[in-house]
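Please read the numbered points alongside the sequence and the model.

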Amino acid sequence: MTQSLQIFTSATRSPGISLSKHSLSKPSPSTAAFRFPLSFTKSSIRASSSPDSNPLSSAFTSQVLVSENGSTGGGGALSSSVTREFVPVMSDSTAIEVDTVTEAELKENGFRSTRRTKLVCTIGPVTCGFEQLEALAVGGMNVARINMCHGTRDWHRMVIERVRRLNEEKGYAVAIMMDTEGSEIHMGDLGGASSAKAEDGEIWTFSVRAFDSTLPERTINVNYEGFAEDVRVGDDLLVDGGMVRFEVIEKIGPDVKCLCTDPGLLLPRANLTFWRDGHLVRERNAMLPTISSKDWLDIDFGIAEGVDFLAISFVKSAEVIKHLKSYIAARSRGRCSDISILAKIESLDSLNNLEEIILASDGAMVARGDLGAQIPLEQVPLVQQKVVQLCRQLNKPVIVASQLLESMIEYPTPTRAEVADISEAVRQRSDALMLSGESAMGQYPDKALAVLRNVSLRIEKWWREEKRHEPMELPEVGSSSSDSILEEICNSAAKMANNLEVDAIFVYTKTGHMASLLSRCRPDCPIFAFTETTSVRRRLNLQWGLIPFRMSFSDDMENNLNKIFLLLKARNLIKSGDLVIAVSDMLQSIQVMNVP
Ligand SMILES: Nc1ncnc2c1ncn2[C@@H]1O[C@H](COP(=O)(O)OP(=O)(O)O)[C@@H](O)[C@H]1O
Ligand SMILES: C=C(OP(=O)(O)O)C(=O)O
Ligand SMILES: [K+]
Ligand SMILES: [Mg+2]
C-alpha cells in the first residue's frame, strides 16, 4: 500500500509558511510511460542493441520500454545484470546519471550505510595515469585536487582531461579542484632531486641567487628576493612548519648561512617561515599579495579548463575572495556560478578574519600543513573544530586537510593516532577529508583512500546507532523571506526524516542550494540530490551526505517523482515500500511517501 502525505506551503501565493493543503494522494505511476536508455552488461546487450553512432554507447546501452506498471520490457533482466562493468550513457534527456560505485554501494549496503563524508585526493606522479585515476574513483574519490605548486600546466591539463574522460565514460561525477600556489616564501626545486637530507650540525646556505646549472652542495634556493634582507642572525628558520629546523648564523650578501638544529628531509618547494623571539615574523608575508601574478595565470588556466573548485592559498581577508569572484564573473560572462571558491585557512591572518572570509567564500579548507607552521601546533585541533563548526553554521562545505595519513606515504598501514585523527574529523561532521602526499607521491594511494573510507563509514555508523543528534544551532543563512522558507523546509524535512527513520531524502535542486541546506542538517539518511546540470552534480559531490544524480525534470513534481521511482527501481536502487521524503526548490513542499 503506497500512501503519500503532501504538505504544501503556499509561499508563492501568500507570504510566510502556511500549510494550505494537506492531502493524502496516491502517486500515479500510470502517468509515466516513456522510453529511456538504460545501461546493461556486455552480455545482455547482444540481445538488443540500439542504433547509436557512438561505438562505446552502442556497445553498452539499450532502449527499454517502460510499461505502465513500471516493469521493463525488451531489455532483458535488469536487476541481476547491472554490474560495475557497464557504462552509463546519458545523451538522452530521460536518462539518469549515477556512477557505478554509488550504485554498487547502494545495492550492497542499502541506503543507510552509504558513505556521507566526501573524499578529496591530490593527484601527483603516482596517480596521474588513467587507470590509477579510475582506481581512486572506484575507491571513493569524490574530488581530484591538483596543486599548482607542482607540475606544469600541460601536466595539469592532462590530469583534468583524464578525469573528464573517466566521468564521461564511466558515469562518475569526480569534481576537479585547483589549488593555487600562493605567494608565501618557499624553497626552490632541489636541482631535480626528489629530496635532500639535512643532518644535525650541518651548515646550509639559503640563497636568492639564480644558479644557472647545478646547485652547489648544501645550497637551497629561496623564491623571495627580500629574504636575505629580512632575516636576522639568531632567527629560527622552519621548513614545512618545523619538519626541519635551522638557526641563522651569518648573512653574506644574498646568501644566508644556517645551522641545522633539527635534522630531517627537505622536499622540493617546501614552505619556509622564520621565527624571532618565539614569534612568527610575518611583516613581509603580509605585504605579498595573496594571489601572485603566477596564481592569476593559473586561475585563468583553471577557468579555461572549467575546473569546479578553486582553492585559494593563504587567504588573509574576505576582500581577495570578493575580488576574485568579480574577476571570474567578468571573465566567464555570467557563468560564474560554475566555479566555487574555497578559502584555505592556513595563515595567522585568516584566523583574525575567519567569519568574513568564510561568508565571502563558497567553502573552506582547514589546511593544517601551513597552519601548523604559523600557529603553535597544539592550537591546530581547536582551530579545526572552530572552522568546521563555523562552516556548517554558515552553510559552506569544509575540508579537513594535510597529514591525515602521512605515515602511509611510506607504510601500508596507518598509525593508530592517524586513525584517531580521521575519526575526529568525521565526528566533527566535516564535509570532506583530503589526501595530499599520500595520494600524490606515496607508495599506497589506494590503501590510504580505503582507510579514509572505512574510518568514515565506521564513525558515521556509530553516530546513527547512538542517535547522537548534536544540538547544534543552525542560524538562518539567507536574507530574504523565500530563503527563510527554503531553510525551514529543509530543517523540518531533515527532522522528519530522522523521526520517521525514512530511507532517503530526495531533493530536486537547480542550483544545488537546497541540497546544501539539507546536507547542513546532517540527517541520518542519505540525500539523493537530482539536478539538471552536470557541473552542479559535480560540485555537490563535495558535500556531506549528498548522492548527486543528473537528469532532466519538468515543473510537475509528481511526474518527476514517478520518473525517478521508475528509473531507480529499474536499476534496483530503491524498491517498493521504501519510505522517502521529497522536497524541491521548484515547489515548496515536503512529501512523505512509500515508493509505489
Ligand atoms: N603535480 C605534482 N607533481 C609532482 N609532485 C607532486 C605534485 N603534486 C603533489 N606532489 C607531491 O606531493 C607532495 C604533497 O602534496 P601537497 O601537500 O599538495 O603539496 P605541498 O607539500 O607542496 O604542500 C608534494 O610535496 C610533492 O612532493
Ligand atoms: C593543504 C595545504 O596547502 P598546500 O598543500 O598547498 O601547502 C596545507 O598547507 O595544509
Ligand atoms: K597550494
Ligand atoms: Mg598550504
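1. The buried residues of helix α9 are covered by elements that include α8 (293-305), β18 (309-312), β19 (340-345) and α11 (354-360). Contact here requires the C-beta atoms of two residues, placed from the backbone, to lie within 7 Å. Helices (H or I, at least four residues) and strands (E, at least two) are DSSP runs, numbered from the N terminus.

2. This is a predicted model, in which local features need pLDDT of at least 70 and side-chain atom pairs count only at pLDDT 80 or more, while totals for chains, interfaces and linings use all residues. Residues are numbered from 1 along each chain as its sequence is written, and chains are lettered from A and ligands numbered from 1 in the order in which they are written.

3. On confidence, the protein chain has a mean pLDDT of 82, and 82% of its residues reach 70 or more; pLDDT is the predictor's confidence in each residue, from 0 to 100. Residues 1-93 have a pLDDT below 50, and this stretch has 161 contacts in the model beyond near neighbours in sequence. Where pLDDT is low, the predicted coordinates should not be read in detail. The scores of the model are ipTM 0.99 and pTM 0.84.

4. The protein chain contains 20 helices and 27 strands. Of its 596 residues, 44% count as buried. A residue is buried if 20 or more other C-beta atoms lie within 10 Å of its own, exposed if 12 or fewer, and partly exposed in between, with C-beta atoms placed from the backbone. Among contacts in the protein chain with a separation of 6 or more, 68% join residues 24 or more positions apart.

5. Returning to α9 (residues 318-331), its 14 residues should span 20 Å at 1.5 Å a residue, and its end C-alpha atoms are 20 Å apart, which agrees; the expected span is 1.5 Å times one less than the number of residues. Ile321, Leu324 and Ile328 are buried in this helix. Seen down the axis of α9, the buried residues fall within an arc of 65°, so they line one face of the helix. The arc is that of the directions from the helix axis to the C-beta atoms. Ser326 and Ala330 are exposed on the other side of α9.

6. Which residues of α17 are buried? They are Leu486, Glu487, Ile489, Cys490, Ala493, Ala494 and Ala497. Seen down the axis of α17, these buried residues fall within an arc of 160°, so they line one face of the helix. Ser481, Asn499 and Leu500 are exposed on the other side of α17. Just after this helix, Glu501 takes a positive phi of about 50°.

7. The residues surrounding ligand 2 include Asn147, Asp179, Glu346, Arg368 and Ser436; a residue is near a molecule if its C-beta atom, placed from the backbone, lies within 6 Å of it. Helix α12 (residues 368-374) gives the largest share of this shell, three residues. By class, the shell around ligand 2 has three nonpolar, five polar and four charged residues. Ala, Val, Leu, Ile, Met, Phe, Trp, Tyr, Cys and Pro count as nonpolar, Asp, Glu, Lys and Arg as charged, and the others, Gly among them, as polar.

8. Around ligand 1 there are 14 residues, of which His150, Gly151, Ser436, Gly437 and Ala440 come nearest. Its shell has five nonpolar, eight polar and one charged residues.
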